[in-house]
Amino acid sequence: MLQRFVEEYSDSAFTFAYRLCENVEEAKELVQEAFFRLFKSWDHFDQSQPLEKWFLTILKNVYVDSVKKFDRRNMVPLDMPVRHEDGEGVSIAETIADERDEAVLDMLERRESEGHLKAALAGLTKEHRAILALCDMQGLGYDEISRVLGMPMGTVRSRVSRARTALREGLLKRTAGMVAYGV
Amino acid sequence: MECKGLEELLSAYADRETTPAESAQVEAHVADCRACGLRLAVLAKSKQALASMAAPAAPRDLKETLRRAAARAEAASPESSGPSFGQRLSAWRSALSPRYGFAFGLAAFLLVGLWFERRPEEAVPLDVMLSAHRQYTLERPLGGSATRPGASGPVSEDAGNDLEDDETDE
């Protein structure tokens with residue numbers, strides 16, 4: 001059973017881990033740790049429960065540990081408002097009304113959008129990247145994310161929104177650069 | 001409905017995580033608000049772009065390490081040392097359920113029958129036993145003292161003391 005689980009889930013676990021940290025070696029460490037924890041506690045696993053959900057809980061614990069281990073200095077409270085570099089807060093009205101969304105949309109539709117996305121993702125906090133990895137890259141629903149991260153669904157909803165706002169800010173900066181250089 | 005405070009709702013709508021009432025709110029608003037419509041389009045597009053972003057496959061050495069660890073963990077698990085007594089007992093109980101009762105009974109009957117059938121073959125036949133007894137009776141010395149079974153040769157006069165002699169020899 002364990003060997004079959006490794007065959008079925010090692011790729012998706014690695015993809016998830018890689019999206020969290022964008023680093024192959026770090027992703028390997030995360031995945032190994034998650035699987036080893038699973039093997040160690042295998043005897044306590046209630047086999048009437050789905051194994052995948054249990055593994056997600058373990059992965060969440062590894063993720064929490066990794067955030068503490070790898071990114072303590074860069075951690076930013078998720079409740080902090082998204083700010084421009086000059087320190088001015090971005091009001092929601094300003095954000096929504098921003099016509100630059102057209103430029104972002106245009107950029108996302110281009111073939112080279114992946115490079116811009118990666119750069120924008122790299123500028124996010126670990127928490128923002130993790131929640132986008134779970135929601136958009138892994139395709140988990142809010143209820144599943146709430147189980148993985150151990151937070152209420154309402155919190156998941158607001159954190160996903162904040163992470164997207166931060167990502168959009170990163171993309172806006174890149175479009176501004178593209179406009180400046182006449183790309 | 002104002003644009004203010006709509007950001008979270010638009011994000012949840014892009015994820016199809018809104019209630020029907022919230023969805024109706026968003027759709028009604030976006031129909032009249034170009035900025036929010038654009039914002040929703042960006043959300044949907046970035047979501048799609050993130051989902052299709054390439055990620056490297058799990059490295060071969062990682063998979064190999066995990067496979068070995070899984071095999072070790074399975075070998076060390078109590079389950080791998082065979083079913084417990086309780087599991088074996090319940091397996092027997094299910095085997096003895098009425099569905100299998102007739103087959104089990106028939107098999108038991110055949111086994112017992114075969115055993116009894118084999119018994120006479122293993123025992124000494126009656127005629128052989130009687131002839132051996134007759135032989136023994138004919139050869140038995142008249143003095144009433146029995147020679148040891150299997151003993152041969154002429155019976156000595158002090159044959160009655162054989163036992164005593166044996167005992168003293170020892």
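The model is a predicted one, in which local features need pLDDT of at least 70 and side-chain atom pairs count only at pLDDT 80 or more, while totals for chains, interfaces and linings use all residues. Residues are numbered from 1 along each chain as its sequence is written, and chains are lettered from A and ligands numbered from 1 in the order in which they are written.

Chain A has nine helices and zero strands; helices (H or I, at least four residues) and strands (E, at least two) are DSSP runs, numbered from the N terminus. Along the sequence, the pattern of chain A reads α-α-α-α-α-α-α-α-α. Of its 183 residues, 36% count as buried. A residue is buried if 20 or more other C-beta atoms lie within 10 Å of its own, exposed if 12 or fewer, and partly exposed in between, with C-beta atoms placed from the backbone. Two residues are in contact if their C-beta atoms, placed from the backbone, lie within 7 Å. Among contacts in chain A between residues at least 6 apart in sequence, 67% join residues at least 24 apart.

H1(A) has a kink of about 50°, centred on Tyr9(A). The bend at a residue is the angle between axes fitted to the seven residues ending there and the seven starting there.

Chain B has eight helices and zero strands. Buried residues make up 14% of the 170 residues in chain B. Among its contacts between residues at least 6 apart in sequence, 40% join residues at least 24 apart.

Within chain B, helix H1 (residues 7-14) and helix H2 (residues 20-32) pack at an angle of about 110°, with their axes 10 Å apart. Axes are lines fitted to C-alpha atoms, for helices over the stretch in contact, and angles run from 0 to 180 degrees between N-to-C directions. H1(B) and H2(B) are therefore roughly perpendicular to each other, a term for angles of 65 to 115 degrees, whereas those under 35 count as roughly parallel, those over 145 as roughly antiparallel and the rest as oblique. On the H1(B) side the contact is made by Leu9(B), Leu10(B) and Tyr13(B), and on the H2(B) side by Glu22(B), Ser23(B) and Val26(B).

H2(B) itself has 13 residues and reaches 19 Å from its first C-alpha to its last, close to the 18 Å expected at 1.5 Å a residue; the expected span is 1.5 Å times one less than the number of residues. Of those 13 residues the number buried is one, so H2(B) lies largely in the open. The C-alpha of Val26(B) is separated by 9.1 Å from that of Cys36(B), ten residues apart along the chain. Cys36(B) lies in helix H3 (residues 34-51) of chain B and counts as buried, with 22 C-beta neighbours inside 10 Å.

Where the chains meet, 46 residues of chain A are in contact with 41 residues of chain B. H1(A) gives the most to the side of chain A that touches chain B, with nine residues. Arg168(A), in helix H9 of chain A, is buried, with 23 other C-beta atoms within 10 Å. Leaving aside its neighbours within four places in sequence, Arg168(A) is in contact with Val104(A) and Val42(B).
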